[in-house]
Amino acid sequence: MALSKTASESDVSVHSTFASRYVRTSLPRFKMANSSIPKEAAYQIINDELMLDGNPRLNLASFVTTWMEPECDKLIMASINKNYVDMDEYPVTTELQNRCVNIIAHLFNAPLGDSDAAVGVGTVGSSEAIMLAGLAFKRKWQNRRKAEGKPFDKPNIVTGANVQVCWEKFARYFEVELKEVKLRDDYYVMDPVKAVEMVDENTICVAAILGSTLNGEFEDVKLLNDLLTEKNKETGWDTPIHVDAASGGFIAPFLYPELEWDFRLPLVKSINVSGHKYGLVYAGIGWVIWRSKEDLPDELIFHINYLGADQPTFTLNFSKGSSQVIAQYYQLIRLGFEGYKNVMENCRENMLVLKEGLEKSGRFNIVSKDNGVPLVAFSLKDNQLHDEFEVADLLRRFGWIVPAYTMPADAQHVTVLRVVIREDFSRTLAERLVADINKVLHELDALPAKLKLKAEAAVASSEEVKEKNGDVGDENSSELKTQRKIATRWREYVKEKKKTSGVC
Ligand SMILES: *Cc1c(COP(=O)(O)O)cnc(C)c1O
């Protein structure tokens, strides 16, 4: 989204080092040029500018896949011109998406008979999946309230304050109140007891997270299911559960098959997962699966019958690419259960290498869990002189992109750094990162000392001057002023840095 412009020379035109071989005039930046340019020049200009983006493989801020096998890249390029929505023209692609839905539904233990088709849909990501799941809950609740002759204008969702921003978007866009269970010190996920206390007759669902974005921790969906079952019995309500398994949906089935978080729990009516996170596909795919047909109100489904067979659709957008669906199917058949399990076990082992390396430094508190999403979230034991934002900033110099952010209410005084371990993050890289973090700590330790030494030197030299001249103290020597300026600028710079954070 382009909401603002910053005024600088490069706003006016776009230059390229090499494009001058093909074009002599520069391009306007925000207006369409009158004339065309050669294709080589267009390529060169864009390619040059993109060199300044970070390296996706070193982007440790994101769960989203940055490496796939060349064979799959080939399939992606071959289908890049297929519009997914043209189901009559590309029935095989539609069939592949349906297979993916069924495979994932079985992975999540949907109660399906041998001849039952799973209910679910491929989306652009978990965000779209969550919008669809939320709309289904809202409509079901409204239908029930209408039938009971009760007001249906104040729907709410109960979640932890640690929810991903897409839930806040859903709440605002579709006018549902978000009731957030506050976090507390040393407990950074939704407390099921408090969540169930917050449930009322207007609650369309409780959303639990399998893999909190902030520290990767799995929320206790089983306890939530049990407590909510009791409350439903007492009140006569029928409050369901949605599980946001954006990051954990492809972890738990392989690493923790005994953990009950999915459709094995009767109140879990829908689950979303990001195919582009641990589903191991490039950005642009998510999935939402419903427990059964009854959990997806029919009036939300549009029916297309171009195929002769009925093709129900429930999405927010119409046209989209097919490549991601095809790539997801590739991963599911290429890796199989065994392959996914190996990848997830590797990720977990590399997470432990990184975690142990950080613990060895003695400088960090680890706020992630060993049995969640493979990531390490950590904060400085002592951030008086230098904080996590400065660590993140200095790590960029080594090429690492590690985000720092503050926790939501009521743990906002805690700042953490987070490193997500993906398939392409090797053990060597983990060890390298530990070494670089230690270097950064060293550098930071020296930083105030450097400033202080300079200031002291300045004082000493002014003392010398004083002694020589028999003068009175010069508190305002220009050198002292310079030192103070350096210190002030550094503080301002740090404050500015604190405003930025980006995790996804
Ligand atoms: C990443 C994430 C989302 C958003 O998913 P996208 O696939 O990026 O749209 C939602 N919830 C959680 C818990 C996440 O980690």
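How far does a polar side-chain atom of Lys277 lie from an oxygen atom of the ligand? In this predicted model, the distance is 2.8 Å, which falls within the cut-off for a polar contact (a pair of N or O atoms within 3.5 Å; within protein, one must be able to donate a hydrogen and the other to accept it, and residues adjacent in sequence count only if both atoms are side-chain atoms). The ligand, taken alone, exposes 380 Å², and the protein buries 92% of that area (Shrake-Rupley method with a 1.4 Å probe; for residues, only the protein chains shown count as cover).

Residues are numbered from 1 along each chain as its sequence is written, and side-chain values use heavy atoms, with hydrogens and water left out. Because the model is predicted, local features need pLDDT of at least 70 and side-chain atom pairs count only at pLDDT 80 or more, while totals for chains, interfaces and linings use all residues.

Turning to the rest of the ligand site, 14 residues surround the ligand, a residue being near when one of its heavy atoms lies within 4 Å. The closest are Ser126, Ser127, Asp244, His276 and Lys277. His276 places a polar side-chain atom 2.7 Å from a ligand oxygen, and for Thr213 the corresponding distance is 3.4 Å. The shell comprises four nonpolar, eight polar and two charged residues (Ala, Val, Leu, Ile, Met, Phe, Trp, Tyr, Cys and Pro count as nonpolar, Asp, Glu, Lys and Arg as charged, and the others, Gly among them, as polar). Helix α5 (residues 126-147) gives the most to this shell, with three residues; helices (H or I, at least four residues) and strands (E, at least two) are DSSP runs, numbered from the N terminus.

Among the buried residues are Glu388, Phe389, Glu390 and Asp393. At the start of α11, a side-chain oxygen of Asp387 comes within 3.2 Å of the backbone nitrogen of Phe389.

Helix α10 (residues 323-361) contains Lys355, a buried residue with a relative accessible area of 12%. Leaving aside neighbours within four places in sequence, Lys355 is in contact (heavy atoms within 4.5 Å) with Ile366, Asp370 and Val376.

Terms used
Buried < 20%, exposed > 50% of the residue type's maximum accessible area, 1.4 Å probe, protein only.
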